[in-house]
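Open the model in your viewer and keep the selection tool ready. Each stop below names what to select and then says what is there.

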Amino acid sequence: MTYTTLRHDWTAEEIAALYDLPFMKLVYQAQTVHRANHQIEHIEKAVLLNIKTGACPENCGYCSQSAHFDTGLEKEKLMPVSEVLDAAQKAKDAGAARFCMGAAWRSPPAAAMPALIEMIEGVNKLGLETCMTLGMLKEEQAQTLADAGLDYYNHNIDTSPEYYDKVVTTRTFDDRINTLNAARDAGMKLCTGGILGMGESRADRVSMLRTLSSLTPHPESVPINRLVPIDGTPLADAERINDEEWIRTIAVARIMMPTTTVRLAAGRHELDWAAQTLCFMAGANSVFYGERLLTTPNVAMEEDEKKVFKLKQVG
Ligand code: SF4
C-alpha cells in the first residue's frame with residue numbers, strides 16, 4: 001500500500017491499531033500521507049451561515065435548534081436571498097473558498113426550494129463553492145439542488161451506526177446514509193463527518209471512521225467536530241474527550257481517506273494554538289472561519305488571520 005492508495009475496506013482491527021500507535025508515530029504517519037496528497041501550506045477557509053434557525057422537529061441530542069429542547073434559542077424563518085448573498089459577498093471578501101448554508105429542517109419544504117435555488121445560483125456567481133445542509137433529501141430534491149449548481153451536500157453521520165440511537169431517535173442511521181447516497185447519485189460532492197465527545201466509546205469512533213471510509217468514493221470533505229455542550233440539550237453533560245483523542249481521530253481519518261479534505265470543525269475555539277497546530281500536523285486542512293458556527297462560538301477571525309493562515313509561511 002502506498003500513501004496515496006484509496007481503500008474502502010478498512011477493518012475495525014486495522015483502524016483500532018492506527019488509533020493505538022504511539023502518538024508521535026501516528027502524527028508522523030498522518031503527516032506523511034498528508035504531504036503525499038495535499039499542498040502542505042493550504043488550509044481551506046469555509047464560512048458557515050445559518051439560513052433558517054431553530055424549531056427543528058428532529059431531536060439530535062447535541063443541538064440547540066431542536067424543538068424538543070429548551071435552549072433559549074430564538075427561532076428565525078428562512079433568511080431572505082438578498083441577505084444570504086450579502087453574507088456570501090462578505091465571506092468572499094474575507095478570502096473564503098466555500099460558503100456553507102445551514103437550515104434547521106428535517107427535510108427542505110417544497111415552498112423553500114425556489115429561494116434555495118436562487119441562493120445557490122447567486123453564491124456560485126460570486127465564484128464561491130456552495131454547500132448546503134438542509135436535512136434529509138429525497139432523490140428528486142437532491143437532483144433539483146444539484147441541477148441548480150450545488151457543489152457539496154453536508155449531512156454528518158455524527159457517530160457510529162451502533163451508537164446513533166443514543167444521540168437521535170427521530171430518524172435512523174440508514175436514513176442518513178440514504179440521503180448521502182441521494183446527494184452522491186445526483187452528482188454532488190459529499191461533506192460528512194462526526195462529533196466526538198457525545199459519550200461514545202473509542203470503538204464507536206472506529207466504527208464511524210470505518211463507515212465514512214466505506215463510502216465510494218470517499219467523501220470529499222470530512223468535518224471532525226468536538227461536542228460544544230449546550231445547556232438544555234440531553235448531551236449538555238456528556239463526558240468530554242481530551243485533545244489527544246481528537247488529534248488521534250483526525251490523524252486516523254487522514255490516513256484512511258488520503259485525498260479527503262479533513263476539517264477541524266466545531267469546538268476549535270477550545271483548543272490552544274499548540275493543539276491546533278498538532279491537528280494540522282495530523283492532516284487537518286480546513287477550518288470554519290467566522291465568529292460563529294450555526295449557534296456555537298468559533299475562533300476570532302483576527303486570531304485565525306494571525307495564526308492559522310500564517311501557516312502558509314511554512315512549507
Ligand atoms: S442537528 Fe440539524 S437536524 Fe438535528 S436538531 Fe439540529 S438542526 Fe435539526
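## Two crossing helices

Helices H2 and H8 cross in a left-handed way, meaning that the near helix is turned anticlockwise from the far one by less than a right angle, whereas clockwise would be right-handed. Before going on, note that this is a predicted model, in which local features need pLDDT of at least 70, side-chain atom pairs count only at pLDDT 80 or more, and totals for chains, interfaces and linings use all residues. Residues are numbered from 1 along each chain as its sequence is written, and side-chain values use heavy atoms, with hydrogens and water left out.

Select residues 23-37 for H2 and residues 243-256 for H8; their axes come within 9 Å and cross at roughly 40 degrees. Helices (H or I, at least four residues) and strands (E, at least two) are DSSP runs, numbered from the N terminus. The axes are lines fitted to C-alpha atoms, for helices over the stretch in contact, and angles run from 0 to 180 degrees between N-to-C directions. Two packed helices are described by the angle between their axes and the distance between the axes.

Now show the side chains. On the H2 side, the residues that meet H8 are Phe23, Leu26, Val27, Gln29, Ala30, Val33 and His34. Their partners in H8 are Glu244, Ile247, Arg248, Ala251, Val252, Arg254 and Ile255. Contact here means heavy atoms within 4.5 Å. By type, the residues of this contact are nine nonpolar, two polar and three charged. In this scheme Ala, Val, Leu, Ile, Met, Phe, Trp, Tyr, Cys and Pro are nonpolar, Asp, Glu, Lys and Arg are charged, and the others, Gly among them, are polar.

## Four annotated residues

Select Cys100, Cys131, Cys191 and Arg263, which an unreviewed UniProt entry annotates as "binding site". They span 164 residues in sequence, but no two of their C-alpha atoms are more than 14.1 Å apart, so they gather at one spot. UniProt positions are given in the numbering used here, feature names are shortened, and annotations may be inferred rather than shown by experiment.

Zoom in on Cys100, in strand S2 (residues 98-103). Cys100 counts as buried at 5% relative accessibility; buried means under 20% relative accessible area, exposed over 50%, and partly exposed in between (1.4 Å probe, protein chains only). Leaving aside neighbours within four places in sequence, Cys100 is in contact with Ala46, Val47, Leu48, Leu49, Cys131 and Phe288.

Cys131 is the next selection, in strand S3 (residues 129-133). Cys131 is buried too, at 2% relative accessibility. Beyond residues up to four places away in sequence, the residues Cys131 touches include Cys100, Leu150 and Tyr152.

## The ligand and its surroundings

Which residues surround the ligand? Select Cys56, Glu58, Cys60, Tyr62, Cys63, Ser66, Ala104 and Arg171. A residue is near a molecule or strand if one of its heavy atoms lies within 4 Å of it. The shell divides into five nonpolar, one polar and two charged residues.

UniProt (unreviewed entry) places a "binding site" feature at Cys56, Cys60 and Cys63. Cys56 is in the loop between S1 and H3, and is buried with a relative accessible area of 10%. Cys63 lies in the loop between S1 and H3; apart from residues up to four places away in sequence, Cys63 touches Phe69 and Thr233.

Go to Ala55, in the loop between strand S1 (44-52) and helix H3 (81-93). Is Ala55 buried or partly exposed? At 43% relative accessibility, Ala55 counts as partly exposed. Its phi is near 60 degrees, a positive value in a residue other than glycine.

Select Asp158, in the loop between S4 and H6. Asp158 has a positive phi of about 70 degrees although it is not a glycine, and is buried at 1% relative accessibility. Thr159 has its place in the loop between strand S4 (152-154) and helix H6 (173-185). Thr159 is buried, with a relative accessible area of 2%.

Move to Pro217, in the loop between helix H7 (202-214) and S7. The peptide bond from Thr216 to Pro217 is cis, with omega near -5 degrees.

## Last stop

Finish at Ile224, in strand S7 (residues 221-226). Ile224 is buried at 0% relative accessibility. The residues Ile224 touches, not counting those up to four places away in sequence, include Trp246, Ile250 and Arg263.
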